[in-house]
Amino acid sequence: MSDILAPLKEKGLSGINMANGNGVIHRTHPLYATFIGDYPEQVQATCILSGDCPGCPCPKDRLEGYDPVNAANSWRSLNDLLDALDEVDEDPGGLQDLAHELRVKPVINPFWKGLPFAHIYHSITPDVLHQLYQGVVKHLVAWLIAAFGAAEIDARCRRLPPNHSIHLFVGGISKLSRVSGKEHASMCQILLGLVLDIPLADGLSNIPLQQAVRAILDFVFLAQYPVHSTVTLRMMEAALTSFHHNKHIFVSLGIREHFNIPKFHFASHYVRCIKLFGTTNNFNTEYTERLHIDLAKDAYRATNHKDEYSQMTTWLERKEKMAQHAQYTDRRLKVTNSTTPTGLDRQHPVPGLDRRRFLHMAKHPTARSVSFEQLQSPDGYGAVHFLPSLYRFIILSSQPNISRRELDIAVESTFLPCRYLRVWHSIKYLCEDRISANRTTVDIVHARPATKDGHGRHVPARFDTVLVNFEGSGREKGIKGRRVGRVRVIFSLPPNAVSALFLRPLTVPEHFVYVEWFTPFQPLPDRATGLFKLSKSVLSDNTLLSSVVPLSYIYRSVHLFPKFGAAAPVSWSSSNVLDKCDTFFLNPFTDRHLYSELQEPIC
């Protein structure tokens, strides 16, 4: 490291001319500002004793406390150590005594000695991958398994409903080994749902444990925001405070004796690091870990495993040249064929704040002719009130002020001039990259009956839950003006039916959705978990309240946590839990898009 950073000693003071992305020359002073690495690398770089905090003078036996003011202002001293290093030839014992006092190793020539304006203890940055996912979350999962037992935790994992953004651990999570950061991130999406109403030993209240889990998950999600404000930073501090207020439950259960864990402690420094260096995606080791695959593993697989280094180097050089040529040709083709502004002329939103999603439907339906009997059959799509709901939509679109009695009479006398409908089995939502204009699939809503695959095996039905813009005003935000429903049918009406039943056929949307409703959101979420509690909207005949709405009203898919009770029922499964369970909680952790929607504005 000393040899690599040696040029900074002169250029950091005298400066050097460098061109920015536009080719403009600026006088710059390159300085050593941040160190990005996991905890063992931080210990090695800062020369501290293992177990201590690399950013503050707190020793390893006092890491479990949390004071927001102290966490923001407490720094390790560097000036005294630098003075002792300068005088090590004259007074070697002084360095030894000072190192013992400061709890650092008496390294004579650390790589950061002599670098202009460098402060190694100010340079340590958060590491979402190793500190949060492979540290905090890893510990939390182990504690929950110890608290409730592997059998019950795994049983609940197998009974969660499916969702496009959720990874279902059908084998449970207790027996997983060598768990990756991505798998821990997937666990974060479902972790709170596994402990909602499960009882604790010795009659202890489950509420502190739920609040501790919710606090950790809030902190993990907030720490990864692409844009921060004073509001979101205060939310991070509040989440951490909540965890420390409720962590005693793990001591009461006999799972922990203390919380002197460096990765938990360093979470208290995240807010000050974000204020100093920006959001955590600027220095996440996940990016460099990915390079192990691109630059080492893939390159090694391309060799004959003999004299591999020269082959790997040649392979990487060729890959880089091909990538550069592809970028050049793409850029030239865009300039030649496009008349729209490109590059600096294009207006880009603030990174991370562009939440727009684009609805995409397949051109051709999945099923071209589905009978009304199949739509309403419990063995088909299960849309019990399909025709009455469709008739109500048709009548209300033409007569929005009609009375309920007149509406019921009009429904009795309305008929569709067709026997079959075109049906789609999925809705896709795309997100556009504002730089490259490429669109990727970020959400899919499924609505299909049970079927068999190409090998004759049974494939269970799947009807996903969605967040619906119930008012259709376009001013919906968070839960305001929205309601959770379960999609049963995605369909379109034939042209002759549209012309016969609607007064203004040209304004009729192309696609419709039959939705079974859950109860409206309560004004406030559950106090213990911060989750919104929902149940099915049941009519007097024990059928579900349902409606037909335009496809454009569907905002996105949502995932629901079932209310399992003391133990997960044996008859429940991932494919039938939405049918058999009556009470649910809205899962805000499916992705950052939904989580940020349900929080306070970030700007």
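**View 1. Asp-86 in helix H5 of a predicted model.** Asp-86 sits in helix H5, where helices are DSSP runs of H or I with at least four residues, strands are E runs of at least two, and both are numbered from the N terminus. Because its relative accessibility is 56%, Asp-86 counts as exposed; the cut-offs are under 20% for buried, over 50% for exposed and partly exposed in between, with a 1.4 Å probe and protein chains only. This is a predicted model, so local features need pLDDT of at least 70 and side-chain atom pairs count only at pLDDT 80 or more, while totals for chains, interfaces and linings use all residues. Residues are numbered from 1 along each chain as its sequence is written, and side-chain values use heavy atoms, with hydrogens and water left out.

**View 2. The negative patch on the surface.** Which residues gather here in a patch of negative charge? They are Asp-80, Asp-83, Asp-86, Glu-87, Asp-89, Glu-90, Asp-91, Asp-97 and Glu-101. H5 gives the most, with three residues, and both H5 and helix H6 (92-102) supply at least two. A patch takes residues with over 30% relative accessible area and no salt bridge, joining like charges within 9 Å and nonpolar side chains (Val, Leu, Ile, Met, Phe, Trp, Tyr) within 5 Å. Areas come from the Shrake-Rupley method with a 1.4 Å probe, and for residues only the protein chains shown count as cover. A salt bridge puts a side-chain nitrogen of Lys or Arg within 4 Å of a carboxyl oxygen of Asp or Glu. Asp and Glu count as negative, Lys and Arg as positive, and His and the chain ends are not counted; a charge is placed at CG of Asp, CD of Glu, NZ of Lys or CZ of Arg.

View 3. Buried or exposed, what is Leu-81? Leu-81 counts as buried, because its relative accessibility is 6%. Leu-81 belongs to helix H5 (residues 79-86). Skip its neighbours within four places in sequence, and Leu-81 touches Leu-95, Leu-98, Leu-102, Val-104, Trp-112 and Tyr-121, a contact being heavy atoms within 4.5 Å.

View 4. Leu-13, Leu-31 and Phe-117 make a nonpolar surface patch of about 360 Å². Leu-31 is in the loop between strand E2 (25-28) and helix H3 (39-46). Leu-31 counts as partly exposed, because its relative accessibility is 39%.
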